[in-house]
Amino acid sequence: MTIEFILNNKKVKIESPAYQSLLDILRIDFNLMGTKSSCRSGECGACLVLVNRDLVNSCLYPAFKVHNKEVLTIEGLASLKEYQIYENAFTELEATNCGFCTPALIMATEGLLSHNNNPSDEEIKDALSGNICLCTGYDKILLAVKEAAKLKRKKKNVR
Amino acid sequence: MSDDSIILRPQNIHELLVMANEYPLAVIYAGGTSLFPQISSGLKEIPSHTISLEHVQEMNHISRTEKYLEIGARANLEKIYSIGPPVIPDTLLKAIRETASPSIRNISSIGGIICSGKGSSSILAPLYLFDTLLEIRSLSRSRWIPISRFISEKGSIQLREKEVLTRIRIPFGEWNYQNYRKSLYNSKSRDESLSFCACIRLSKNIILDLRFAFGGVSKRPFRNREFEILFLGKKIPFRTEELNALISELQFYLSPKDEKEKPIAYQTRCALEYCRYFFEEINLGIHHIPG
């Protein structure tokens with residue numbers, strides 16, 4: 001079937017089986033490797049992307065549902081100015097570990113901070129509850145999200 | 001069968017029911033969190049027809065009256081969760097939060113969870129607790145049935161051909177205290193968990209109503225009105241021996257007649273301990289619980 005959608009702010013059109021996952025579309029059809037393929041069952045959160053600004057597991061998202069939607073991946077986010085905030089917060093606080101899960105963690109952070117720029121620890125833990133980091137060390141990740149929120153507020157001059 | 005599915009996109013419930021009538025074997029697709037991994041991994045065949053509920057706005061509404069909360073069957077868990085208390089019962093909110101991360105909550109629909117046939121799902125136990133009703137519609141008729149009758153003892157759902165689950169109705173109750181707990185007993189699967197929920201209504205420390213529901217002890221949530229009735233009219237706090245007797249009674253009710261259906265010891269033990277914690281919290285917090 002023909003799928004038309006907006007991918008990282010560009011209109012795209014592909015032919016795809018209805019039940020192909022958005023994850024495979026991104027990685028195979030568009031060579032966007034920042035969205036990671038791991039468990040493929042919604043357990044690990046390595047494949048998180050934003051669809052119409054909502055955070056979703058791309059491994060659980062069929063092609064037929066992508067039609068007419070707006071998809072933002074880590075590559076799309078990285079092309080925006082505000083990505084620098086995430087990059088600074090995650091690198092300065094050494095929250096990247098091996099790096100495999102970092103793109104998805106940043107997408108989850110963007111999903112949270114776009115709705116709530118001053119989240120509590122509990123809200124951050126809930127927002128990241130679908131992201132598994134096999135290196136462990138969630139404390140630094142939590143601090144990086146708090147730092148990113150702080151930088152975002154500062155940029156917008158919000159206390 | 002073709003190697004691709006024909007996607008039908010009804011715009012309203014009437015169109016949906018017409019399509020369900022015309023294509024009785026079509027898959028009704030809401031969130032797909034259970035179905036999609038099975039199809040993409042090859043465990044299930046690609047359906048020849050898929051009816052996507054995405055554009056059926058009536059099934060995405062959440063409304064409340066004085067007596068009950070009504071949730072459209074395709075409403076996703078995040079939409080329900082973001083409404084929060086007091087409209088959404090505490091136990092249901094906690095069950096949603098404990099069961100699904102935000103990215104899953106954005107996909108998974110409440111109707112899909114009910115229809116997935118996974119009776120152990122933690123979200124079903126609160127729905128049992130509040131005597132939830134389900135609206136089932138087909139082109140020719142509409143019926144409301146209690147969720148306890150919708151899921152059979154063997155865990156299969158009582159949805160006939162051409163029928164669709166359209167609304168979920170949760171009656172409101174005035175509860176002084178609600179509690180939800182969950183534990184995983186198989187870390188490889190989020191579905192295999194033990195969940196406990198309870199709610200209590202008191203007047204001057206006398207129990208007017210008390211309900212318990214357990215998810216994961218059998219193929220559908222466990223709730224037993226006979227056991228609950230044992231508590232009515234009793235005064236709290238419970239003495240230790242009184243509490244022990246009630247927990248022993250619960251152990252009896254949790255033991256199914258069919259040996260094959262017997263839950264594993266760990267689940268039963270968790271269920272009994274959670275029940276005990278619930279009463280201990282009530283005993284401890286009695287002065288803080290209004291009523």
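How do H5(A) and H7(A) lie to each other: parallel, perpendicular or oblique? They are oblique to each other, the class left over when angles under 35 degrees count as roughly parallel, over 145 as roughly antiparallel and 65 to 115 as roughly perpendicular.

This is a predicted model, where local features need pLDDT of at least 70, side-chain atom pairs count only at pLDDT 80 or more, and totals for chains, interfaces and linings use all residues. Residues are numbered from 1 along each chain as its sequence is written, with chains lettered from A and ligands numbered from 1 in the order in which they are written.

**Helix pair.** Helix H5 (residues 102-113) and helix H7 (residues 138-155) of chain A pack at about 45°, axes 11 Å apart. Helices are DSSP runs (H or I, at least four residues); strands are E runs of at least two. Axes are fitted to C-alpha atoms over the stretch in contact, and angles run from 0 to 180 degrees between N-to-C directions. The crossing of H5(A) past H7(A) is right-handed, that is, the near helix is turned clockwise from the far one by less than a right angle. Contact means C-beta atoms, placed from the backbone, within 7 Å.

| Helix | Residues in the contact |
|---|---|
| H5(A) | Leu105(A), Thr109(A), Leu113(A) |
| H7(A) | Ile141(A), Val145(A), Ala148(A), Ala149(A), Lys152(A) |

**Chain contact.** Chain B gives 20 residues and chain A gives 23. On the side of chain B that touches chain A, H2(B) supplies the largest share, four residues.

**Around Val49(A).** Beyond four places in sequence, Val49(A) contacts residues including Leu22(A), Val71(A) and Met107(A).

How values were computed
Two residues are in contact if their C-beta atoms, placed from the backbone, lie within 7 Å.
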